[in-house]
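Thanks for coming. Please bring up the model, and we will walk through its core and its strands.

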Amino acid sequence: MRLVRPSIEWKNEHEDYLKEWDEPRMTPSSFNLAGYENYEVYLDALEIRESGYGKWVPSTNYFLVDDTDRVLAMVDIRHSLTDYLHNVGGHIGYGVRPTERRKGYATLILAEALKKCDELEIDRVLVTCNDDNIGSAKTIVKNGGIEDKSFIEEDGMVVRRFWIER
Ligand SMILES: CC(C)(COP(=O)(O)OP(=O)(O)OC[C@H]1O[C@@H](n2cnc3c(N)ncnc32)[C@H](O)[C@@H]1OP(=O)(O)O)[C@@H](O)C(=O)NCCC(=O)NCCS
């Protein structure tokens, strides 16, 4: 099991994962391939996004892959917080392949992402989830998350916010 960065060799695995994705929104959104002419164009756009261009803060994205090179989960690590990230998005966003859920992979990819945060010297890591996302809340608490005040979005969605001290 290891973290790898998106690159052309992961094109087929990435596309397969998205075929399986079962929710209206891709999480993390940085792995959404919709609207890109081809994978190379997506990779170029991701590189620009990761550099902290425009509305984006610098970020790093990883796939969690197993020993057979199957992508099990994806994570986006934002290196700093904007107002939006402070209230809603947090430092780390992750998602797990639908057929691989309930096997501990969210817990694992968050733990691995926290090690990357250590390298980035982020000593208080904010991780959030929607109020109805019990699996994600458990994942955060299992990784040491201490709950702060929730944020209520304009549409009434309650976002739970947790800090993980490193
Ligand atoms: C939420 C999500 C990341 C959980 O991934 P996962 O790999 O299934 O999580 P884990 O196996 O590490 O489980 C962590 C804990 O949550 C529990 N859990 C996971 N999914 C659950 C669910 N749907 N309902 C209740 N508990 C759940 C697990 O049982 C485990 O708790 P336990 O150790 O006490 O048994 C996954 O369902 C997903 O990708 N959802 C869509 C994207 C998303 O919501 N991302 C998070 C954005 S904040």
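**Core and strands**

Start at Val-125. Leaving aside residues up to four places away in sequence, Val-125 touches His-91, Ile-92, Leu-114, Cys-117, Phe-162, Trp-163, Ile-164 and Arg-166. Contact here means heavy atoms within 4.5 Å.

A word on the source. This is a predicted model, where local features need pLDDT of at least 70 and side-chain atom pairs count only at pLDDT 80 or more, while totals for chains, interfaces and linings use all residues. Residues are numbered from 1 along each chain as its sequence is written, and side-chain values use heavy atoms, with hydrogens and water left out.

Now the core. A nonpolar core is a set of buried Ala, Val, Leu, Ile, Met, Phe, Trp, Tyr and Cys residues joined through side-chain atoms within 4.5 Å. Buried means under 20% relative accessible area, with a 1.4 Å probe and protein chains only. The largest such core has 25 residues. Which members touch the most others? They are Val-75, Ile-92, Tyr-94, Val-125 and Ile-140. Elements giving two or more residues include β3 (71-78), β5 (124-130), α5 (134-142) and β8 (158-165). The largest share, 7 residues, comes from α4. Helices (H or I, at least four residues) and strands (E, at least two) are DSSP runs, numbered from the N terminus.

There is also a second, separate core of 15 residues. Among its members are Tyr-17, Tyr-39, Tyr-42 and Val-71.

Next, the sheet. Two strands pair if DSSP finds at least two bridges between them. Four strands form an open sheet in the order β1-β2-β3-β4, with antiparallel pairing. Which strands are at the edges? β1 (2-4) and β4, each pairing on one side only. Neighbouring strands are turned by 25° against each other on average, direction ignored. Axes are lines fitted to C-alpha atoms, for helices over the stretch in contact, and angles run from 0 to 180 degrees between N-to-C directions.

β1 and β2 share 3 bridges. Val-4 stands opposite Phe-63 in β2. Across β2, β3 and β4 lies helix α1 (residues 11-20), at about 95° to β3.

Finally, β8. Strand β5 runs antiparallel to β8, joined by 7 bridges. Thr-128 stands opposite Arg-161 there. Strand β6 (residues 146-147) pairs with β8 over 2 bridges, and Ile-146 faces Trp-163. Strand β7 (residues 151-152) also pairs with β8 over 2 bridges. In the hairpin of β7 and β8, with 5 residues between the strands, Gly-156 takes a positive phi near 90°.

Conventions: Buried means under 20% relative accessible area, exposed over 50%, partly exposed in between (1.4 Å probe, protein chains only).
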